[in-house]
Amino acid sequence: MQSTQYPIVIDDPWFTVSKLDETTFAISEYGHWEKVHSFLLIGQERAALIDTGLGIDNMKRMTDQLTDLPIIVLTTHVHADHIGSHGQYEEIYVHEAEEDWLVSGIKKLSIEQIRKDISRDITRPVPASFDPETYTPFQGKPTGLLRDGDVIELGERALNLYHTPGHSPGHISIYDTSRGYLFTGDLLYDETPVYAFFPTTSPEDLVNSLERIATKITGIQKIFGAHNRIGLEPELLETVKEAVGELRGKKLVRFGTGVHQFDGFSVRF
Ligand SMILES: [Zn+2]
Ligand SMILES: [Zn+2]
């Protein structure tokens, strides 16, 4: 389902760009079953690109149309569907706990599995440059490392970083204090379960991270997850708080307990 909440400003063969406000854009890949979103946040001096998509097509073609300012890439986490166009950008940042994955490859996930997930259930024409047989996730050295509590200044627009592990060890959430936008990557989104059921995930860490974003950040106006629907209401965090209590109370916070559905989101352990 495409967003009806926000106007589409560029409908490219592969990418769909929605305008969240004058200087904030979602770059979505609706042709792929994962419905991945990357986000471009433009400040006075530079712009931040939160993730770079699946790597099926080149995202720089889109960001070039949206800003002339220098772009820094902030990686919510090092999974193939979030680092696809990292190689197109000069300045890329990652949490220190996943530097190694960015440099030497994602751990405990076979390239065969990655290729299978990337190439299945595609509903739009892919560019000729995309070959599922040889697709390889980006590997390279980051420009710098991110840590919990870091503040990224874009020029009259400050981003606060929260280390929110669980889905992966170095997962971060990004809070845009100027707008009250919380970018939650694969920690929180709607429609399909948030994953913490495979090696390198941690159900306990995930629940702690959910609790943290639901209780420790004030002034949230909108939540933007990296998959499915764009722009979730902050009331969802009330459900998240209740879910955290319920999961802990019923001792479900461990591998193998399956999918837990709540009103507006679900998790799979
Ligand atoms: Zn992920
Ligand atoms: Zn993802």
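The dialogue below takes these features in turn.

Q: What kind of model is this, and how are residues and chains labelled?
A: This is a predicted model, in which local features need pLDDT of at least 70 and side-chain atom pairs count only at pLDDT 80 or more, while totals for chains, interfaces and linings use all residues. Residues are numbered from 1 along each chain as its sequence is written, chains are lettered from A and ligands numbered from 1 in the order in which they are written, and side-chain values use heavy atoms, with hydrogens and water left out.

Q: At what angle do the axes of helix α4 and helix α5 cross?
A: Two packed helices are described by the angle between their axes and the distance between the axes. Here α4 (residues 203-215) and α5 (residues 236-249) have axes that come within 9 Å and cross at roughly 145 degrees. Helices (H or I, at least four residues) and strands (E, at least two) are DSSP runs, numbered from the N terminus. Axes are lines fitted to C-alpha atoms, for helices over the stretch in contact, and angles run from 0 to 180 degrees between N-to-C directions.

Q: Is the crossing of α4 and α5 left-handed or right-handed?
A: The crossing is left-handed, a term for a near helix turned anticlockwise from the far one by less than a right angle, with right-handed meaning clockwise.

Q: Which residues make the contact?
A: On α4 they are Val207, Asn208, Leu210, Glu211, Ile213, Ala214 and Thr215, and on α5 they are Leu237, Val240, Lys241, Val244, Leu247 and Arg248. Contact means heavy atoms within 4.5 Å. By class, the contact of α4 with α5 has 8 nonpolar, 2 polar and 3 charged residues. Ala, Val, Leu, Ile, Met, Phe, Trp, Tyr, Cys and Pro count as nonpolar, Asp, Glu, Lys and Arg as charged, and the others, Gly among them, as polar.

Q: What is the volume of the largest pocket, and which residues lie nearest its centre?
A: Rolling a probe the size of a water molecule over the atoms shows where empty space is left. On a 1 Å grid over the protein atoms alone, a cavity is a set of points where a 1.4 Å probe fits but cannot get out, and a pocket is an open set with protein on both sides within 12 Å along at least five of seven lines; lining residues have an atom within 4 Å of a point. Grid points are joined across faces, edges and corners, and a volume is the space filled by probe spheres set on the points. The largest pocket has a volume of about 590 Å³. Its lining has 25 residues, with Trp33, Glu34, Asp117, Tyr195 and Phe198 nearest the centre. Helix α3 (residues 111-119) gives the largest share of that lining, 4 residues, and the classes are 11 nonpolar, 6 polar and 8 charged.

Q: What lines the second largest pocket?
A: Its lining has 16 residues, of which Gly55, Ile56, Asp57, Gly84 and Gln88 lie nearest the centre, around a volume of about 230 Å³. The lining divides into 4 nonpolar, 10 polar and 2 charged residues.

Q: How many cavities of 30 Å³ or more does a search of the whole structure find?
A: The search finds 1, and the largest cavity holds about 30 Å³ of space. Its lining includes His37, Asp51, Phe183 and Phe224. The largest share, 3 residues, comes from β12.

Q: Is Leu54 buried or exposed?
A: Leu54 is buried because its relative accessibility is 0%, where buried means under 20% relative accessible area, exposed over 50% and partly exposed in between (1.4 Å probe, protein chains only). Leu54 sits in the loop between β5 (47-50) and α1 (60-66). Leaving aside residues up to four places away in sequence, Leu54 touches residues including Trp14, Val36, Ile118 and Tyr135.

Q: Which residues other than glycine have a positive phi?
A: Most residues other than glycine have a negative phi, and most peptide bonds are trans. Thr200, with phi near 85 degrees, has a positive value, and so does Lys251, at about 55 degrees. Thr200 lies in the loop between β13 and α4 and is partly exposed, at 25% relative accessible area. Lys251 lies in the loop between α5 and β15 (259-262) and is exposed, at 62% relative accessibility.
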